[in-house]
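Hi,

Here is the structure I promised to pass on. Have a look at it first, then read my notes below.

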Amino acid sequence: MMDSDKNNAFAKHVPTAFIIESPFQLLCVWEAIAEFEITDYRIVLALIRGNVRNEQTFSMLKERNMDCDIYYIDEILSNSSMPHVGNYDRIMIGDYDDLSLMKLCEVYASNHAEVVFMDDGLSTIMILKILPYLYSPFWARVRHILKGDIGLERARKKIFKHWETIGIANNYCMYTIYDDIKSKKFTIFPNNLSHLTTKKSESPKVVLIVGTTIIDMAEEYNIPVGLFEGIIWSKLVEIREKYPNTRIIYIPHGRDIDPRIERLCQCLDIEFKRLSMSIEYFVIKENLNVISVYGTLSTALSTLRKITGAPVTHWMICHKSNKHKYLHDQYTKYYEELGVNSEPIYIPDVVRY
């Protein structure tokens, strides 16, 4: 780990611009402001138009009465140059893969600024381990242009090279919740989410279920939507039987549009709660006494484990037609190294959609 007293990357009191695009990244911003005792900062949002997560981010900022600058990614990518509006000595970027956020870096950086990357989600695991992956929202938008992971890395290095000419330093620094990973490429500073975590709650016990995008996941595993809904139903039944008298809350994924899961929850007296904020902030704000967390692959499994200290169970869908089997296997392996319980759910190979 870098000596935070000798380097702007992780030093305290450094004026900082945060360039982010999601509610989870905003949580990382709040933690960084407290951890590094930052008083001079600016929050910059780079958003996809119409993304349902935007409203969650706006709601969370309003909760804390915080201002922000707003850009839309289609405009960022279409503008060859943008006016310089800030002089911040540190730029903290929420996604190592999103080149549009890197482009905004030049708008806010001083001529001797240093860049620090933060977590976007599970992809950070692959980035820190230097393992191949092609699975980010930015990548989905530009892969036809960049033509492969080599193209993405080439474009990224071109930006880094340009930064050198204008005085922006990239020393591959990462502020991350995945600090237990020994990275050969990045210098890591741990994001423990400790400043956001409240004291142990004495309120009634709660079990949390982290929902997923049902329709998208069914397509990803190449199985019928009805079958995937059936899998979720069986797990909901198991949890209700295990916790017959405990409050259980199912938090649907922000982008989930499946209409049936809410009715399944109602059948089992499970609260179906669509949030106007990130699930982590909901837990913190309500000071929930979480005793167990369940869900399929999600960043929230990692963050809720840190915030609540509750045991986490990862539902591991096993099907040979999974389009991202290698990636999911890597995430599962990492979870198991942390002590997360993985429950395999086997789908017969004959099932195709």
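**Salt bridges and overall build**

Glu343 and Lys235 form a salt bridge, with their closest N and O atoms 3.0 Å apart (that is, a side-chain nitrogen of Lys or Arg within 4 Å of a carboxyl oxygen of Asp or Glu). Glu343 sits in strand 13 (residues 341-346) and Lys235 in helix 9 (residues 225-242), so the pair ties together parts that are 108 residues apart in sequence. Helices (H or I, at least four residues) and strands (E, at least two) are DSSP runs, numbered from the N terminus.

Before going on: this is a predicted model, where local features need pLDDT of at least 70 and side-chain atom pairs count only at pLDDT 80 or more, while totals for chains, interfaces and linings use all residues. Residues are numbered from 1 along each chain as its sequence is written, and side-chain values use heavy atoms, leaving out hydrogens and water.

Is Lys235 buried or exposed? Lys235 counts as buried, at 9% relative accessibility, and Glu343 is partly exposed at 23%. Buried means under 20% relative accessible area, exposed over 50%, and partly exposed in between (1.4 Å probe, protein chains only).

Another salt bridge joins Asp329 and Lys325, at 2.8 Å between the closest N and O atoms. Both lie in helix 13 (residues 325-338), four residues apart, about one turn of the helix.

Zooming out, the whole structure has 13 salt bridges, and the chain has 13 helices and 13 strands. Of its 353 residues, 56% count as buried.

Cheers
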